[in-house]
Amino acid sequence: MNRTRFTNRRDFLKTASAATLSALAAGNARLLAQTEPATGAPKLQPTADTIVVLWMAGGMAHTETFDPKRYTPFEKGIKPADVMSTFPAIDTAVDGIKFSQGLERIGAVMDRGALIRSYTAGDLGFILHSRHQFHWHTGYAPPQTVACPHLGAVIARTLGPLNPAMPAFINIGQRFDMVEGQELKAFTTAGFLGSEYGPFNIALPEQAANAVRPPMGMTPSRFENRDRFYRRLLAESPVMLHGSDHQRESLLRSMDNAHRLLSSPAAKAFDLALEPKENVAKYTGGVTDFTELSDTNRTRDGSYEERTIGRFGLGCLLARRLVEAGARYIEVTTEYIPFLNWDTHEHGHEKAVNMKRTIDAPVAQLVLDLEERGLLDRTLIVLASEFSRDSLVEGKPEQLVKDQVPVPDTIEDIKNYGMHRHFTDAGCVLLFGGGIKRGHLHGATAEERPCKTLQDRVVIEDLHATLYRAMGIPSTQAYEVEKRPFYVTRDGLGRPIESLFG
Amino acid sequence: MKNAFILTLVLGFAGTAPALARLTPEQVAALPPAAEVTVDFARDIKPVFDASCVKCHGRGAAKGGFSLDSRETFLQGGDSGPAAEPGRSAESLLIELVSGLDPDNVMPVKGSRLTVGQVGLFRAWIDQGLVWPAEVSFVKPPALNLHPREVSLPPVSEIAGNHPVDRLLQPYFQEHGIRPAAPVEDRGFARRVYLDTIGLLPPPEELAAFEEDSRPDKRQRLVERLLAENQRYAEHWLTFWNDLLRNDYEGTGYIDGGRKQITGWLHAALAENKPFDRFVAELVNPTEGTEGFVKGIVWRGRINSSQTPPMQAAQNISQVFMGVNLKCASCHDSLINDWKLADAYGMAGIYTDEPLEMVRCDKPTGRKAETRFLYPELGEIPTDAPQAEKRRRLAEILTSKQNGRLTRTLVNRLWEKFMGRGLVEPVDDMEQPAWCPDLLDWLAEDLAAHGYDLKHTMQVILTSRAYQMPAVSLGEQKQSDFVFNGPGVRRMSAEQFRDAFGTVAGVWFESPAAQFDLTAGRSVEEVDAELLPRPVKWIWSDAGAAQKALAETVYLWKRFSLETVPEEAFVAATCDNSFTLYVNGNKVLTGSDFNQPRFADIRSRLRPGENVFAVAAVNHTPGNQPPAEDQPAVEADANPAGFLLYARLRQGRQVLDLGTDATWVCSKTKADHWEQRDFTPANATAAVEVGERSAAPWNLGDRLAGTLSVALIHGEVRASFVPADPLTTALGRPNREQVNTTRPSTATTLQALELTNGGTLNGLLQEAAKHVLAEGAASNNELVSRLYASALGRPPTPNEAALADELLGTSPGKEQVEDLLWAVLMLPEFQMIY
C-alpha cells in the first residue's frame, strides 16, 4: 500500500481546485505569522502526515491500565485505601514497562511506541467530564469568549486534507443525543475557524458507509441521475446567465466537493463491508455481528460494556482504512456516556475488564496493520483520556475537589471494587509511530497512594505542542479572531516534548 | 487567550524614574550621528512613536508622567524631566534612553530597540528644532459614533429622489461616481422583503397580486403590511435576537441550571414590537423573564476570571448594545483597542454586590475596581450603590437619548442584515467610522425620535431606493476599499432555508421547544375571532356556583358526532379547583389551577361517529383540600366552583369547535365506567351556565386564548421555535454559547454533504413528496409550475419545464418528485437572496 496513489497529479488537480479554493474563499480566520523569530529559524519538518486519536472517554484509570501498582485482589472487608490496582501487572515487549492484566496485545507492541505516565489534567475545580474533554480537545478551559476549535479542526485548517477528496477531520463513535451531548458538541466543532474545518461525524462506526452513500433508500444510479438532472437544471437557471457572485460560486463549489467525495474511490474506505471477515474479527475480539450494537440497553451494572465490545474496534478498523485512503485527522472514541464505559463510578473492576477487552485487540492491530502497510512511520497514533481515576482521591492530592462518588469504609460488594473517583494528578498517554521513539517511557508516578506524578509532568499545552510538532505545526501558530491572535496552544505556551521524538 | 498580546512593542518611561546619569563624553561620541536629511515629522518620526511609544505614552496613557499628547507635553517631559531640548539632541533624555547606551535605562522597555537609523532621525529631528505639526497628536481620540448628532437631510432632487436614505446617500454616490442602478423588478423586491421582514417566501397568490397592483406606493404598502404581521415577524426575528442574546432551547449549561432561557419574554417583546429602549432596559436590569441574559452561562468548577458571570454580562452588554469588544480587556489592558482592564471591571461591577478585585491574567492585582459605564461622560454609576440601583442606572444610561451609540449599533445591525454589509464593519466594532456617517447618524437619531420603534427603522431602510438596487457580489470586496453600490447577494439563513422548505413542501415542525404565548402582539378581538369563535361558559351542576357551591365532585359529559376524525383537535380546559378530562375513555388532561388553563392535542383519541368528553370536576374546600369522598359535603365548606373547556376541532377550513355550555349534562353520582364512551348516566341533568368566560371570580381574561394559541402553529412550527438539527447546524445555525452577530454566507463542503446525503433533508424530502403527490396535479406541467411558483416565484422556462417533465416521466412517483424538489432547493436561485 502506498498513499502516494491518491496524491498523483491528475487526481490532485481534479480535486484540489475545489477543496482548496473553497477554503481560500471561505473568509476564514486569518493565519497570523508565527511569533517565533522568522529569520533563520528552520521550518518545522513534520514527522507525521496523519494523526489518529484513540479517545478513552470517561476517565481511564492509569493504575488499572498502563501504570499498574500493587495488586489487591477482591475480598470482602478490604479497605478502599488498600486497593491500588485491581489487576495483576504483566510484562510488555519493553523491559521495565509493565501493563495491567488484560492489555497483553498492546503490551506486545509497546516496542513500537512511547508511553507517557505523567499526563496531568487541568485544575478546573469541580470535575465535569465534558468540561475536561473540552479542555483536552481545544487546549482551553471553558467557557471562553470565542468558540474554540477542536484539535482536529486546527489541523484541518492548518494542513488541509491529505487526500483532497477526504474530509480532513473525521470523528468516529460519539453520539450526541444523550445526557451532556450538548456539552460534547460545544467542543466537537471548528469554532471560529469556520465550519469548513469542522468534524465529519460518524456516530456509529458500523454504519460508516452510510455517511458517504447516497441517502437512505436511494440507489447509486438514481443518485447519479439526480445529480445529472440538477446540473442540467442549473444550466438552464436564469440566474446563471447573470455575472457570477461569490455566494453562488461557493455554493456550487461545495456541491461539487460533496458529490466528488460521495462518488470518489476514497468513499470506499468508509465501507467496512469491504473488509474481509477475518480482518474484522481481529479488531473486534471475534465479534462479527453488529446489528444490535447501537441499540444495546444502557444499563449501569457493568454489562453494557461487555455487550458492546467490538464497537470501538470497528472504529479502529475504520480508522485504518481511512489512514490508507489519506485522512488527515481521525478520532475514534470508546464513546462518552455518563456512567458507562470508562466513566466507572461503580463496578469499576468489572467495567475495566470489559473496557480492556474493548481496546486491547484493536489498538494493537491498528499499530500492526499500519506498520505492515508501511504507514506507521508517518501516522501518529495517540491514546489518551481526559483524566485518570482513583479509589480515594477526587481531583489531586494538593487540590481536592468535591467528591462525587461515595466510598464505603470497607468493600463488601464487588461493585465497590475499582477506581471510582476522578483523579487528575497523573494519567497515561500512548503514542505510536509518526516519528515517536520506540519502546520509550516518559514520566513516573508514585508507587503508593496518592499515585501522583513524580517527574516529567506533561500538561495539555505541551502534549498538544508535541502532536503539532509531529505534524509540522509550531505551537506558537496563531489565527486571528476579532483582531486578536488565538494560539494553537494556550497563549502559544506549549512546548513540544523533544525527548519523545526518535 | 489571555497573556496573548505580549508581542507588541512598548516604550515605557515606566516604574521608577530613570536615574539621570548624563551620558559621558565617550558615550556621547558613541551615539549614532544625527541623520543628514531634513526630517519630516509625519514621515520619519510619527511612525516610530506609533509603533514603539504610544502604547504607554499616548492615547490617554502617560507612564512615568510622560505623555506624547502634543509638542508641549513632550517638551515638558515626565517624572525624569524634559524629554528633549530643541537643538541639543546629544543632551536629550530621549536620545539617551533610546540609544541603549545605559543598559539599565532603555526604551522601549519591551520589544525591539530602535535602529541606529531611527536614533539618527530622532537626533536630526531634535537638532532641527523639533518640528511637530499642531494637527498631529497622540491623544486618545474622542469616542466615535457616541454622541447623538443631528443631520440635516440633503435636498430632494430628481437624481436623489425624496427618500431620506437616498438623499443622504446622494453625496456619497456623487463622490464615488456611482449612478444608482434602476430598482429591481417587483418579484425580486417582494422576495427580498418577505424574507427580510417575516423570513418566509412570498406565497404565489400574494406575489401575483403584488405584481398586478398598479398603485405607485405598492412597495411601501407591502413593507408596511408585512411588518404588521406581528406573529410572523416575531418568528423570524427571534432567530436574530436568539443569536445576539445567546438564547437557545438546549445547549451547554442547561444541564445543571447554569443557564436560563429568555424565550417567552423575547418572543412576546418582538411580537409586541416593544420599543427598543425598553427592550434593552428590561434585559440589563432584568426581571425573572429576562435574567437569563445577564446570568450568562455558568459552568460548575473553577472559571477563568475573565469569564465570571458579571464579566460575561459586561462583555455581552458592551458587544451587543454598544458595539464594544471588552474581551481582551477582561483579562488585561487591551492591545488591540483602548479598553483597559479597569473598564471591563467597571462594567462587571454593575452585576456584583461587593466591589470586585481586579484580576490581571488570572493574577489578583489587589486593587478594587471602580464601577463605571464604558463612557463615563454619559453618566455615573456609584461603585457603592446596591446592585439593583447600579443595574437601574445602567439601563437609564444605556437608553438615554444622550447615548447615540445604542441606536447607531442597532441601526447598523439592521442595515447589515438587509444589505449584507454594515455601514460600520465589523458590526461589533462601533468605534470604526461608517462609510457614510451622515446616514448612520441620521438613522440612529430617527430611531430615537420615533420612540425606538425598530419596525419604523426597518420600514425606512426597506423602502429606500438603496435597498431596491440590484444585488452585487460582496465576497471579493476587501473591507478597506468597500464602496456601497447596492445590497449584497445574501444566502438564506438556516432558518429561512428550512422555513422556505416548509412553504414549498408543506413540511414543518410539530411543536415548539418552549412555551410561547402566541396571542402576544395581537388584539383581543383578533385572538377571539381566531382562537375562540364559539361562546364558552363556566358551567357547574347548580346555579349560583360562581358564588357558592358545595365542595364535591361533579361529573360532566358532552356527546358529539364526527363524520371523520378532524385534521386537528385541541382542547384547553380549566376548573375551580381541579379536573380530569377523558376523551372516549382515555384520560387526556388534568389541571388544578384555575388561573392556568391546560392544553392537549386529542386528535388521536377521536373517532368517526359518536365521541364523548367525560370530566370529573372537583370543587375543593376553602383550604384547597379535595373533598373527602366518603363524607357528605357540608354547607360550611361551600365556595365558588366552575369548569370551562374549549375544544378546537378543524377539518380543512371547517370549524367544529365546541365549548362548555348548557348542552353538557352533569351528575353528582360516581358510577362505574362513568368515563367510558358507551356510558349513559342514569340521572343526569343539564349543566348550568354559571358565568361568561371572563366572569368573576375567575377573571380568566386572555389566559384561555394564550393556552390555546399553541394550536395556531401546531404542526406548522417554524425553525426558530425548535432546537438546531443536523440540517440547520450544517447551514450555519450557531451554537449560542457566544454572542453571534453575523452568520457566514459562504458554503462549505460539510454543508453540501448534509444537503446531498444527510438524513434530515432526505427524510423531509420523502415527507414532502407525499404531500405534493397527495395534492395531485393534472399534469407534470402543473406540478412543476406550482413548485416553481412557490420556490422561485416564477414559472419555469420552457427548457426547465421540459427537463422536469423528462425527470417526472409519464406517472411521477415519490422518487421523481423527491429528486425534482431536491434539485430546485439546491439551485442558487432558491438559496440566495438576490
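**Exercise.** List the buried residues of α15(B), and state why the helix is largely enclosed.

*Solution.* In α15(B), the buried residues are B:Leu341, B:Asp343, B:Ala344, B:Tyr345, B:Gly346, B:Met347 and B:Ala348. A residue is buried if 20 or more other C-beta atoms lie within 10 Å of its own, exposed if 12 or fewer, and partly exposed in between, with C-beta atoms placed from the backbone. The helix spans residues 341–348 of chain B, and seven of its eight residues are buried, so the rest of the structure largely encloses it. The cover over these buried residues includes α14 (309–322) and β1 (357–360) of chain B. Helices (H or I, at least four residues) and strands (E, at least two) are DSSP runs, numbered from the N terminus.

The model is predicted: local features need pLDDT of at least 70, side-chain atom pairs count only at pLDDT 80 or more, and totals for chains, interfaces and linings use all residues. Residues are numbered from 1 along each chain as its sequence is written, while chains are lettered from A and ligands numbered from 1 in the order in which they are written.

**Exercise.** Describe the surroundings of strand β11 of chain B, from its burial to its partner strands.

*Solution.* Begin with burial. Strand β11(B) covers residues 642–651; eight of the ten are buried, so the strand is largely enclosed by the rest of the structure.

Next, take the partners. Two strands pair if DSSP finds at least two bridges between them.
- β6 (residues 568–576) of chain B pairs with β11(B) over nine bridges in the antiparallel sense; B:Cys575 stands opposite B:Phe643.
- β13 (residues 658–659) of chain B is joined to β11(B) by two bridges and runs antiparallel to it; here B:Tyr646 has B:Gly659 as its bridge partner.
- β12 (residues 654–655) of chain B is also antiparallel to β11(B), with two bridges; B:Arg650 stands opposite B:Val655.

Last, look at the turn. β11(B) and β12(B) form a hairpin with two residues between them, and B:Gly652 in the turn has a positive phi of about 60 degrees.

**Exercise.** Which strands stand at the edges of the six-strand open sheet of chain B?

*Solution.* Write down the strand order: β8-β7-β10-β5-β14-β15, with antiparallel pairing. Then read off the ends. β8 (586–591) and β15 (685–686) of chain B each have a single partner strand, so one side of each is left without a neighbour in the sheet. For β15(B), two bridges join the strand to β14 (residues 665–667) of chain B, and the two run antiparallel. Within this pairing, B:Cys666 has B:Thr685 as its bridge partner.

**Exercise.** Locate the cis peptide bonds A:Pro142 to A:Pro143 and B:Asp576 to B:Asn577, then the positive phi values of A:Asp456 and B:Asp362.

*Solution.* Read omega, then phi, then the place in the chain.
- The bond from A:Pro142 to A:Pro143 is cis, with omega near 0 degrees; A:Pro143 is in the loop between α3 (129–138) and α4 (151–159) of chain A.
- The bond between B:Asp576 and B:Asn577 is cis, with omega about 20 degrees; B:Asn577 lies in the loop between β6 and β7 (578–583) of chain B.
- A:Asp456 is not a glycine, yet has a positive phi of about 55 degrees. A:Asp456 sits in the loop between β17 (453–455) and α12 (460–470) of chain A and is partly exposed, with 14 other C-beta atoms within 10 Å.
- B:Asp362, also not a glycine, has a positive phi of about 65 degrees. B:Asp362 lies in the loop between β1 and β2 (363–368) of chain B and is exposed, with 11 other C-beta atoms within 10 Å.

**Exercise.** How many residues of chain A are in contact with chain B, and which element gives the largest share?

*Solution.* Two residues are in contact if their C-beta atoms, placed from the backbone, lie within 7 Å. By this rule, 66 residues of chain A touch 61 residues of chain B. On the chain A side, the elements giving two or more residues are α1 (9–25), α5 (181–185), α6 (220–236), α7 (246–263) and β19 (484–487). The largest share, 13 residues, comes from α7(A). By type, this side divides into 31 nonpolar, 18 polar and 17 charged residues. Ala, Val, Leu, Ile, Met, Phe, Trp, Tyr, Cys and Pro count as nonpolar, Asp, Glu, Lys and Arg as charged, and the others, Gly among them, as polar.
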